[in-house]
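Student: Can we go through this one together? I'd like to start with the ligand and then look at charges.

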Amino acid sequence: MRRNRKLDYLSTKEILLRVFKYALKSKALLLTSLFFLIVFSTLEIVQPLIIKKVIDDELTGISTVWVKTDESKKSILFNGEYYQKEDFDNPLAGDKYTIRIYGSEYLLIHGVVGEKDKIIEANDLVVIEKDNGETYTLEYLRLSKNDLLAFYRASVDPIIMMIILYAIISIVILISRFIQHVTFTSSSMRLTLDMRKSAFEKLNRLPIDYFTKEPKGKTVTKIIYDSEGVRGLYQVVFSVCSAVFSLVMIYSGLIYLDYRLALITLLALPFIYLWMKLYRNKINKYNRSIREMNSRINGKLAEFVNTVDIIQIFNKEEQMANEYDEMLKKNYRTKIKHLNINTLFGFDLLNLFRRLIVAGIIVYFSVQYFSVATVVAGTTIYVYIEYLEKIIGPISDIFSNLNSFEDSLVSSSRIFEFLDEKEDTGLGSVTGVKFRGDISFQNICFKYDEDNYVLNDVSFDVHAGQFVGIVGHTGSGKSTLISILERYYDLEEGKILFDGIDYHQYSKQDIRNNIGIILQDPSIFEGTIKSNIAFGMDVEDAEIENILIKIGAHKFVNELKDGIHTKVVYMGENLSTGEKQLIAFARILLRNPSIMILDEATANIDTETESMIQNALSVLSKSRTTFVVAHRLSTIKNADIIYVMDQGKIIEAGTHQELYQKEDGAYRAMYDALS
Ligand code: ATP
Ligand code: MG
């Protein structure tokens, strides 16, 4: 049924195998679920057979051979004589009688009447015709309603037994279904949980450049929605498998019931298959366009939320709203078409199909002769119709699952692709090495993509404890140089040495432990000011306050309502850039690394904050190697050495005084332009 379509990344088979591997993690749940699935599917096949047995053997079962015997537990009393149903396996001794329907009357015929033999007359004697046309006559008695009741008495006990059995089976089915549902749902929830866990752990092992290439929103979607997709796929596969299993069980029941009926029903399968293919083709087209449209609608919404300030400034609200509205309408129209196809191909047609089969079967049996055999056939038809009813369930299950199969496959493919992403190399165990702070850049060349070098043969040495300023126009490669130092990107040309040792000899964690970095827009997490400074370390309030005093940030913190316990929101939207930088400074001072890097924000900050930062910087730069990428040149006026970068190269180096003295130097030009 499924071609092995090559999806973006994995083939359908590969995806299914991997989902299966994940599912096996909760093996016990899965096996329990399967076990109870088998239990209730089997019992559901048995149930109609019990009813059939009650009707055949007991309700219409008086129309059989009876033997005149002595009184016993199984015997009934009629006209002062005891009769018992013939046990065909161990025939009883005694005179034999047969009860048969003739017209609307029951006759007690003295003698054995063959099952296929037909009564053609009942006057003084009954005249009976055999299959081959021969006739014979026997004595008989008409049975009144009261007489009949006497014969039915033999059936009371077996019927009660059967009813009890039926009830027990019903209860077992109910319980099995419940356990099956609960265990399966738990196992599928476990699956989502495991997927999300794997994906989250993966995040920590991805190289930083993954996040610069991939939009962050997309990664979030992957982890949240696509892991649901894997669960969807798991459910689809399980439902289809259990539907197929049910079908097999029902067919076994049918074959046991009447192989001819089973064959007739089997004939329907090719039609159902063809129709399923047709449906799948039609519905996939709409599914795909709905999926695309949904992601575009989400994208539009995200764009709107992210740029709402600009949109309002430019008064483009209405235009955006119209565009969004148009998309929603289009999506709505496609969904309606999708719904129409579902209704057309879905249950209604399936039900029509079933009714046609039933009608056909009834017509077939009606044209057959009317005799005892028909009554038996009647119960067979009853069971058959019950089975047909049961067939519909699994088939429509398969149908509705086909619908989401494609979506789930795409989702699963995406998340597996994510899990297979190339991981960061060079992550090792933390050895706790402490750098002195000597750094040597040797012929660093670097490019993000194939063509342009962003850094071009950069070489310079920094001594432990030095204060290094880096300046340059925007895009000259300053931040890139720092990213390389942190090993966010791996060097292909050139070398970096820490304390005279190639930085590849250290694990990335060791390097990052030794470097404190304050980025242009420091990351602030949801929590309090304290939790953002401690950032996972177990420290006393006093120590935090001490640090804040050292860097001179206590003034701004003390002005806040709850001091260091003031709540901050994600990304620090309720803090100014300067305040965020102060928190980042405190975070670093607490850890006391040997190297510190400040990538200064371009944003203008007020002079008071500026002097706070200046002050903090001078505290922190003591006793550690400090890099400051400066936009406000006042920040680095006191630097031991300033490097001026332009187009990935160092074009000037020296102290502020030295550089400012060069009349036509780049530094001087920048300095004059900024002040
Ligand atoms: P600014 O003063 O504005 O912060 P900068 O000197 O820090 O500028 P970089 O961020 O190092 O400049 O960028 C140097 C060049 O590399 C720029 O041309 C930029 O477009 C490019 N670049 C930066 N980051 C990436 C990236 N992740 N992928 C591709 N190119 C990048
Ligand atoms: Mg930068």
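Student: Which helix gives the largest share of the shell around ligand 1?
Tutor: This is a predicted model, to begin with. In it, helix H12, residues 478-485, gives the largest share of that shell, with 3 residues.

Student: And which residues come nearest to ligand 1?
Tutor: Thr474, Gly475, Lys478, Ser479 and Thr480 come nearest, out of 14 residues around ligand 1.

Student: What lies 2.4 Å from an oxygen atom of ligand 1?
Tutor: A polar side-chain atom of Thr480. Gly477 has a backbone N or O atom 3.0 Å from a ligand oxygen, and a side-chain N or O atom of His631 is 3.1 Å from an oxygen of ligand 1.

Student: How much of the ligand's accessible area does the protein cover?
Tutor: On its own, ligand 1 has 630 Å² of accessible area, and the protein covers 64% of that.

Student: Switching to charges. How many salt bridges does the structure hold?
Tutor: There are 19. One of them pairs Arg177 with Glu44, with the closest N and O atoms 2.9 Å apart.

Student: Which parts does that pair tie together?
Tutor: Arg177 is in helix H4 (residues 156-205) and Glu44 is in helix H2 (residues 27-59), so the bridge links parts 133 residues apart in sequence.

Student: What about the positive surface patch, which residues form it?
Tutor: Lys282, Lys285, Arg296, Lys330, Arg333 and Lys337. Helix H7 (259-306) and helix H9 (317-345) are the elements that each give two or more residues to the patch.

Student: Where is Arg296 placed?
Tutor: Arg296 is in helix H7.

Key. Residues are numbered from 1 along each chain as its sequence is written. Chains are lettered from A and ligands numbered from 1 in the order in which they are written. This is a predicted model: local features need pLDDT of at least 70, side-chain atom pairs count only at pLDDT 80 or more; totals for chains, interfaces and linings use all residues. Side-chain values use heavy atoms; hydrogens and water are left out. Patches are made of residues with over 30% relative accessible area and no salt bridge: like charges are joined within 9 Å, nonpolar side chains (Val, Leu, Ile, Met, Phe, Trp, Tyr) within 5 Å. Accessible areas come from the Shrake-Rupley method with a 1.4 Å probe; for residues, only the protein chains shown count as cover. A salt bridge is a side-chain nitrogen of Lys or Arg within 4 Å of a carboxyl oxygen of Asp or Glu. Lys and Arg count as positive and Asp and Glu as negative; His and the chain ends are not counted. The place of a charge is taken as NZ of Lys, CZ of Arg, CG of Asp or CD of Glu. Helices (H or I, at least four residues) and strands (E, at least two) are DSSP runs, numbered from the N terminus. A residue is near a molecule or strand if one of its heavy atoms lies within 4 Å of it. A polar contact is a pair of N or O atoms within 3.5 Å; within protein, one must be able to donate a hydrogen and the other to accept it, and residues adjacent in sequence count only if both atoms are side-chain atoms.
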